[in-house]
Structures are given as C-alpha cells and as structure tokens.
Amino acid sequence: MADHDFPVIDLSPFSTTPGAGDAKKKEEVIRRIRGACSASGLFLIVNHGIPMAALSDTLAAACEYFDRPAEEKLKWVPPPADAASAIPTGEKMERTFGNFQRTAKLIMTLLNDALGLPPDLLHQYNDNKQCDRMIGHHYFKATADTKKMIGSYPHKDANLFTLLLRDDVGGLEFLRNGQWIPVSPVPHSLVVNVGDFLQVLSNNEFNSVAHRVVSLSEKDRYSCAFGCQIDRDKWIEPLAELTSWIKMAPKFKGFYPGEFLHLVIASYKPSLDPNDTFALIDVVNHYALPPWTTPN
Ligand SMILES: O=C(O)CCC(=O)C(=O)O
Ligand SMILES: [Fe+2]
C-alpha cells in the first residue's frame with residue numbers, strides 16, 4: 001500500500017488466522033510502527049481485525065445519535081445536548097468498545113515490541129483495562145466557511161494512545177515541523193496516535209502528536225475515538241528498562257495522571273482560529289528535565 005505523509009500499516013500478519021504472517025512480515029510491521037511513532041507519532045492501520053460492518057455500524061450509531069432532538073439526547077447523556085462530542089450508551093456502543101479494546105491490545109503489544117521492551121512489559125505496567133475509555137463520538141457540522149474552525153482545536157491526547165475511526169470527509173491534520181499536514185481518509189482504516197503518557201514512558205523515543213480537525217467541506221463529519229488510558233494512581237515516568245544509565249538519561253520527571261490532567265484543563269485555551277497554535281496544550285514540556293540531570 002502506498003504511503004501518504006504518514007504510514008498506512010497493514011496488520012494482517014498479526015491476524016489470528018493460522019499462518020497469517022511469517023516472522024519477517026511481523027518484524028517489518030514493528031519496524032514501521034517504530035519509525036512512525038518516533039517521526040510524527042501517527043500512523044494508520046488497515047486489516048486491524050475490526051470487521052468493516054462494525055466500522056460502518058459505529059459511524060451510523062454516531063449519525064443516529066447526533067440526529068436526535070435535544071430532549072431525546074438528554075435521556076442518553078448529561079447536558080449540554082448540543083455538544084459536538086458525546087458518549088452515548090447502548091448495545092452498539094458496547095460492541096464498538098469491545099472491538100476497539102481488542103485492537104488496542106494488539107497495538108499495545110506492537111508498541112511494546114517497537115520500543116524494544118521485554119515481552120508484555122507495557123501490558124504488565126498497564127494491566128487495568130477498566131481505564132480504557134471512549135473519548136467519544138464527534139460530530140462536526142458542515143460549513144462552507146473554511147476560515148472558521150469548527151472541529152477540534154489543536155491538542156495532544158493525554159493518554160497512552162488513541163484509536164480513531166473517521167468517515168470519509170477529511171479534516172484531521174497533524175503538526176510536523178510547524179506545518180499542519182492533512183491525514184486524508186483511507187477506507188476502513190483507523191488512525192493510531194501516540195499520546196503524552198507514552199511519550200514520557202518511552203523517554204521521548206515516541207512522539208505525542210499535536211492534531212486538530214478543520215472544516216474542509218460542506219458535508220457533516222463524524223468520528224469516534226477510543227483512548228488507551230492509565231490508572232489514576234499509576235506513577236508515570238520514563239521506563240527504567242529504557243533509562244538504566246547505560247542506555248539513556250531520563251528526559252522527564254514523574255507524575256500521576258490526575259495531576260497531569262489537572263494541568264491540561266488549567267491550561268485549556270479554546271480558540272476558533274485554525275491557525276492559532278498558541279491554543280496548543282503541551283503539558284508534557286512541564287515535566288521535561290534539562291539534559292543530563294536526574295530526577296529527585
Ligand atoms: O475527530 C477527529 O478526527 C479527532 C478527534 C480527536 O482528536 C480526539 O478525540 O482526541
Ligand atoms: Fe485527539
């Protein structure tokens with residue numbers, strides 16, 4: 001498959017079908033994931049194990065939910081009923097959650113191996129699957145005014161990584177060398193983007209990617225995001241397996257996720273201007289250590 005400005009990685013070598021992928025193909029996938037996570041922090045996956053029908057069901061459920069009148073939505077979610085993001089409940093959402101969780105488990109294994117960590121270390125570190133959560137269904141209304149940003153303001157995700165399902169409208173962009181690069185839609189794909197906590201655990205080997213959603217067309221846009229999260233009481237710091245002194249000095253001091261999220265909320269500066277990178281929240285920098293120092 002041709003690469004765009006970001007890799008589109010075929011996970012079929014890891015399919016559970018017997019004989020799906022030989023060791024060489026698996027190694028190649030891991031090599032590409034490592035490259036993507038250390039360069040932009042974002043890649044797309046196809047043949048990720050979620051059936052196509054389930055992907056379209058999920059987007060249809062988003063459409064169905066956002067189409068409802070406000071009074072009906074309030075039966076499903078807390079106010080405000082006109083929010084651009086929501087986490088509706090129900091059978092379809094539970095199926096979606098289960099599907100995302102299975103794929104997230106595979107991604108975690110691949111990220112572990114891409115970092116060269118001992119087998120299963122990330123799973124052992126983050127074994128509480130109850131922390132995983134739907135970030136939500138997003139609905140960005142159509143607008144012909146492309147100067148007006150109606151999607152998500154520039155941000156990074158405060159988690160390990162995000163799995164994102166989008167429709168074919170486009171509008172997602174990520175920041176590379178000061179430039180916003182569009183992540184054009186690829187049928188049946190999911191976006192995987194590295195979050196802040198993985199950047200810290202990986203001691204900057206992997207990059208938490210800044211992204212935003214801008215309005216590009218006159219078509220309504222739907223997406224659905226799942227966050228691989230960490231226990232609130234888990235101490236986050238560069239993994240000792242990567243920082244034992246022979247290897248590399250820690251580049252961040254440690255913190256609890258709750259404290260980090262508090263800072264994210266405190267520094268939140270919503271902006272409607274798509275070019276307004278000042279609104280970008282970069283809390284990770286707050287924990288960065290100057291080169292060659294050790295944490296207290
Ligand atoms: O809808 C999108 O494309 C992006 C959503 C997003 O960035 C998020 O949920 O964190
Ligand atoms: Fe995001």
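Start by colouring the protein by pLDDT, the predictor's confidence in each residue from 0 to 100: the average is 86, and 90% of the residues score at least 70. This is a predicted model, so to speak: local features need pLDDT of at least 70 and side-chain atom pairs 80 or more, while totals for chains, interfaces and linings use all residues. Residues are numbered from 1 along each chain, and side-chain values use heavy atoms, leaving out hydrogens and water. The model scores ipTM 0.98 and pTM 0.90.

Next, select ligand 1. Around ligand 1 (a heavy atom within 4 Å) you'll find I135, H138, F140, H155, D157, L164, L172, H211, V213, R221, S223 and A225. That shell divides into six nonpolar, four polar and two charged residues.

A polar atom of S223 sits 2.6 Å from a ligand 1 oxygen, one of H138 is 2.7 Å from a ligand 1 oxygen, and for H155 the distance from an N or O atom to a ligand 1 oxygen is 3.1 Å. Alone, ligand 1 exposes 300 Å² (Shrake-Rupley, 1.4 Å probe), and the protein buries 95% of that.

Finally, switch to cartoon and pick strands (DSSP E runs of at least two residues). β4 (133-140), β9 (211-213) and β10 (221-228) each supply at least two residues of the shell around ligand 1.

Terms used. Chains lettered and ligands numbered in written order. Polar contact = N/O pair within 3.5 Å; in protein donor to acceptor, adjacent residues only side chain to side chain. Helix = DSSP H or I, 4+ residues; strand = E, 2+ residues; numbered from the N terminus. Nonpolar A, V, L, I, M, F, W, Y, C, P; charged D, E, K, R; others polar.
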